[in-house]
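Please have a look at the model first, and then we can go through the details together.

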Amino acid sequence: MSRSSLFLVSLVVDTYDRAKSFYCDGLGFDCVEDTVQPEGKRWLVVRPRGGEGAALLLAEATDDAQRAAIGNQTGGRVGFFLETDDFARDHARFLKAGVVFQEEPRHEPHGTVAVFADLYGNLWDLIERTKL
């Protein structure tokens with residue numbers, strides 16, 4: 001039987017360095033790879049520290065259509081879900097780093113969650129899922 005998994009998702013950003021700083025310094029992600037490519041592009045991959053899920057390919061916008069998508073890749077919906085094993089710890093750390101939350105933490109049947117915006121306005125859930 002074959003096996004497959006989602007391992008990488010592109011996120012269109014304004015500049016590589018600004019995005020890398022936000023995700024690595026602000027959110028505490030690891031930089032998995034940062035390799036210069038032809039024509040000034042970079043293969044810049046970040047992943048939540050200690051995470052096993054998909055990583056982000058930070059892709060610098062190169063034309064007007066791509067620049068228009070920055071911050072609105074999911075039409076204003078929460079498009080990214082960052083799971084944590086300690087909501088209170090990470091929520092406090094993100095606040096200290098200047099991450100802007102759209103709401104106060106709330107407790108749902110599926111876990112503790114709060115929506116935050118990334119550097120560009122893309123919406124994320126920080127979530128500690130309920131243990132089954």
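Contact here means heavy atoms within 4.5 Å, and the domain bounds come from an automatic or database domain assignment. This is a predicted model, in which local features need pLDDT of at least 70, side-chain atom pairs count only at pLDDT 80 or more, and totals for chains, interfaces and linings use all residues. Residues are numbered from 1 along each chain as its sequence is written, and side-chain values use heavy atoms, with hydrogens and water left out.

Between them, 19 residues of domain 1 are in contact with 14 residues of domain 2. The table gathers the distance and the area for this pair; buried area is the accessible area (1.4 Å probe) that two parts lose on being put together, summed over both.

| Domain 1 and domain 2 | Value |
|---|---|
| Area buried | about 1300 Å² |

Carbon and sulfur atoms give 68% of that buried area. On the side of domain 1, L11, F22 and L27 supply 37% of the area buried against domain 2, more than any other three residues.

How many salt bridges link domain 1 and domain 2? The count is zero, where a salt bridge is a side-chain nitrogen of Lys or Arg within 4 Å of a carboxyl oxygen of Asp or Glu.

On the side of domain 1 that touches domain 2, β1 (8–13) and α1 (16–26) are the elements that give two or more residues. Helices (H or I, at least four residues) and strands (E, at least two) are DSSP runs, numbered from the N terminus.

Elsewhere, D17 forms a salt bridge with R42, with the closest N and O atoms 2.9 Å apart. D17 lies in helix α1 and R42 in strand β3 (residues 42–47), so this pair ties together parts that are 25 residues apart in sequence.
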